Amino acid sequence: MSEAPPHALLAPRVAIPFIIISLIWGSTWLVIVDQIDGVPPQWSVVWRFALATVGAAILAKAMGHSLAISRRAHALAAVIGLCQFCGNFNFVYPAELHLTSGIVAVMLSMMFIPNAIFGKLFLGQPITPRFMLGGLIAIAGIALLLVNESREARLGGNVPLGVWLALGAVLAASLASVFQAGKTGQSIPMPSLLAWSIFYGLLFDIALALMIAGPPVFPARWSYWAGVAYLGVFGSLVTFPLYWRLVREIGAGRAAYNGIAVVVIAMLLSTVFEGYRWSPLAVSGAVLSLAGLVVALRARNPALKSG
């Protein structure tokens with residue numbers, strides 16, 4: 001496999017899905033805030049992926065892919081479902097009870113760290129010095145943003161607990177993104193793998209919701225169900241296939257760097273709708289995070305195919 005020049009990471013086949021993912025996921029953080037307003041977070045996760053399960057199955061069939069997969073593929077789908085569509089989101093939703101949506105997005109942007117490590121361990125994807133430099137710059141920016149959040153604590157929540165929940169989401173999502181890019185995952189049509197992964201995740205979600213939150217909750221607000229539809233269709237069905245392809249195309253570490261772009265969008269929305277205040281510390285953190293993104297994206301990447 002030939003090594004691509006640094007600017008190839010900005011080629012349309014990479015840049016376009018990168019932008020789409022960033023725009024959608026940047027907005028989902030704010031929608032989640034309404035999803036946990038008076039509703040147990042666990043049941044909001046269930047309704048999101050109940051819709052996404054049906055949509056993913058329809059999408060796979062519409063694209064001409066069979067839903068019949070091997071036992072080994074089912075096992076992989078169950079692991080991905082447990083990590084991504086249960087663990088990740090059942091950490092994320094409660095985290096937003098303690099942190100603003102923009103800050104939770106900041107925490108999730110750190111996924112490039114375990115992604116790069118797991119990608120190296122499980123997929124043999126290289127970690128270049130320039131990528132590491134970009135990561136260190138971004139981490140410094142994220143640290144400044146978190147310090148600012150701990151000083152402000154606008155929601156009156158438990159900031160340390162919110163941080164730990166967000167870190168749990170990071171690790172769960174990172175494992176899922178790397179596992180799907182392995183040999184077994186690449187041997188399965190992505191729409192079929194996505195459909196089964198969401199289905200198994202839904203089963204875990206239902207079990208967890210029953211244990212933690214009790215009987216199902218059906219909110220009467222139309223805005224709630226509109227949010228469920230947006231998160232289930234755009235936040236899941238549109239974005240995850242694009243993101244998983246990026247993991248396979250440019251490597252797990254670089255794919256996760258979309259999280260920095262997501263942060264910008266999420267924090268702008270948080271500024272408008274949640275009253276996030278841009279102190280000099282927050283501005284410095286945002287600038288450093290974006291600088292790290294630019295450095296890392298221009299790092300040479302042997303995992304990226306030329307052409």
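Me: A disulfide is counted here as a pair of cysteine sulfur atoms within 2.5 Å. How many disulfides does the structure hold?

Reply: In general terms, a disulfide is a covalent bond between the sulfur atoms of two cysteines. Please keep in mind as we go that this is a predicted model. In this case the structure holds zero disulfides.

Me: Let me turn to charged side chains. How many salt bridges are counted, and which side chains meet in a salt bridge?

Reply: For a salt bridge, one looks for a side-chain nitrogen of Lys or Arg within 4 Å of a carboxyl oxygen of Asp or Glu. The count here comes to one salt bridge, and in the salt bridge of Asp34 and Arg221 the distance from N to O is 2.9 Å. Asp34 lies in helix 1, whereas Arg221 lies in the loop between helix 9 (190-212) and helix 10, so the pair ties together parts that are 187 residues apart in sequence. Asp34 is partly exposed, at a relative accessible area of 25%, and Arg221 also counts as partly exposed, at 28%.

Me: Where does Gly227 lie, and which residues is Gly227 in contact with, leaving aside neighbours within four places in sequence?

Reply: Gly227 lies in helix 10, and, once those neighbours within four places are left aside, Gly227 is in contact with Val31 and Gln35. Although Gly227 and Val31 are 196 residues apart in sequence, their C-alpha atoms are 6.1 Å apart in space. Gly227 counts as buried, with a relative accessibility of 6%.

Me: How many cavities of 30 Å³ or more does a search of the whole structure find, and which residues are closest to the centre of the largest cavity?

Reply: The search finds two cavities of that size, and the largest cavity holds about 320 Å³ of space. The largest cavity is lined by 21 residues, and the closest to its centre are Trp25, Trp29, Asn88, Leu108 and Met111. Among the elements that give two or more residues to this lining are helix 1 (12-35), helix 3 (71-95) and helix 10 (222-250). Sorted by class, the lining has 13 nonpolar, seven polar and one charged residues.

Definitions and conventions. Residues numbered from 1 in each chain as written. Predicted model: local features only at pLDDT ≥ 70, side-chain atom pairs only at ≥ 80, totals over all residues. Heavy atoms only, no water. 1 Å grid on protein atoms, 1.4 Å probe; cavity = no way out; pocket = protein on both sides within 12 Å on 5 of 7 lines; lining within 4 Å. Points joined across faces, edges and corners; volume = space filled by probe spheres on them. Nonpolar A, V, L, I, M, F, W, Y, C, P; charged D, E, K, R; others polar. Buried < 20%, exposed > 50% of the residue type's maximum accessible area, 1.4 Å probe, protein only. Contact = heavy atoms within 4.5 Å.
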